[in-house]
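Subject: Structure handover

Hi,

Here is the structure I promised to pass on.

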Amino acid sequence: MAKIYVFSTLANDQLYTNWTAGGGDVPIKGHAVLIKGGTGVANDRLITPLGVSTEITDYDLEELEKNPSFKDHEKNGFIVVKAKKAEAEKVAADMNLKDESAPMTDADYKNDDGPKVGLK
């Protein structure tokens, strides 16, 4: 079984779950894969990663490729799948680094009349 690496620049962990049709129109939870997030969020060591990687199996990837949310995140540049292990921050350099749930930074506060306003 080959190892596959999913690189994420999303601020939060994502649990991608596939659902199947059940009786009485009640969906049944199928396979779920947790992809780690945390880009732009300081961890318990006060390190703010620019990208995070998660090791998955071939079967996990097969199921992820059926998930519409995963495909959207991949299409929008927040997720990259690679067959080889790499440094997450190097891979993230070519990815979209800020999703809507990312924490705000000084650069997000602009003063139209002059220089940027933020914490000093």
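Before the notes, one definition: a residue is buried under 20% relative accessible area, exposed over 50%, and partly exposed in between, using a 1.4 Å probe and protein chains only. Please keep in mind that this is a predicted model, so to speak of local features I needed pLDDT of at least 70, and side-chain atom pairs count only at pLDDT 80 or more, while totals for chains, interfaces and linings use all residues. Numbering starts from 1 along each chain as its sequence is written, and side-chain values use heavy atoms, with hydrogens and water left out.

**Overall layout**

The protein chain has three helices and five strands, arranged β-β-β-β-α-α-β-α from the N terminus on. Helices (H or I, at least four residues) and strands (E, at least two) are DSSP runs, numbered from the N terminus. Of its 120 residues, 31% count as buried. The accessible surface is about 8,300 Å², and carbon and sulfur atoms hold 53% of that; these areas come from the Shrake-Rupley method with a 1.4 Å probe, and for residues only the protein chains shown count as cover. Taking contacts (heavy atoms within 4.5 Å) between residues at least 6 apart in sequence, 59% join residues at least 24 apart.

**The sheet**

Three strands make an open sheet in the order E4-E1-E5, with antiparallel pairing. E4 and E5 (79–82) are the edge strands, each pairing on one side only, and the twist averages 25° from one strand to the next. Strands pair here if DSSP finds at least two bridges between them; E1 and E5 are joined by four. Helix H2 lies across E1 and E5, at about 95° to E5. For angles like that one, axes are lines fitted to C-alpha atoms (for helices, over the stretch in contact), and the angle runs from 0 to 180 degrees between N-to-C directions.

**Both ends of H2**

At the start of H2 (residues 68–75), a side-chain oxygen of Asn67 comes within 2.9 Å of the backbone nitrogen of Ser69. That is a polar contact, meaning a pair of N or O atoms within 3.5 Å; within protein, one must be able to donate a hydrogen and the other to accept it, and residues adjacent in sequence count only if both atoms are side-chain atoms. Just after H2, Gly77 has a positive phi of about 85°.

**Thr9**

What does Thr9 touch, leaving out residues up to four places away in sequence? Its partners include Thr39, Leu50, Gly51, Phe78, Ala92 and Met95, and Gly77 is one of them too. Thr9 lies in the loop between E1 (4–8) and E2 (14–20), and it counts as buried because its relative accessibility is 0%.

The whole structure has four salt bridges, a salt bridge being a side-chain nitrogen of Lys or Arg within 4 Å of a carboxyl oxygen of Asp or Glu. One of them joins the side chains of Lys36 and Asp13 (3.7 Å, N to O). Lys36 is in the loop between E3 (28–35) and E4 (52–56) and Asp13 in the loop between E1 and E2, so the pair ties together parts that are 23 residues apart in sequence. Lys36 counts as partly exposed at 38% relative accessibility, and Asp13 as partly exposed at 39%.

The backbone nitrogen of Lys36 also lies 2.9 Å from a polar side-chain atom of Thr54. Thr54 belongs to strand E4 and is buried, at 10% relative accessible area. Neighbours within four places aside, Thr54 is in contact with Ile4, Tyr5, Val6, Leu34, Ile35 and Lys36.

Lys66 bonds with Glu63 in a salt bridge whose closest N and O atoms are 3.0 Å apart, and Glu63 is buried at 10% relative accessible area. Lys90 and Glu87 form another, at 3.9 Å from N to O; Lys90 and Glu87 are both exposed.

**One for the backbone check**

Most residues other than glycine have a negative phi. Asp25 has a positive one, near 60°. Asp25 is in the loop between E2 and E3 and counts as exposed, with 76% relative accessibility.

Over to you!
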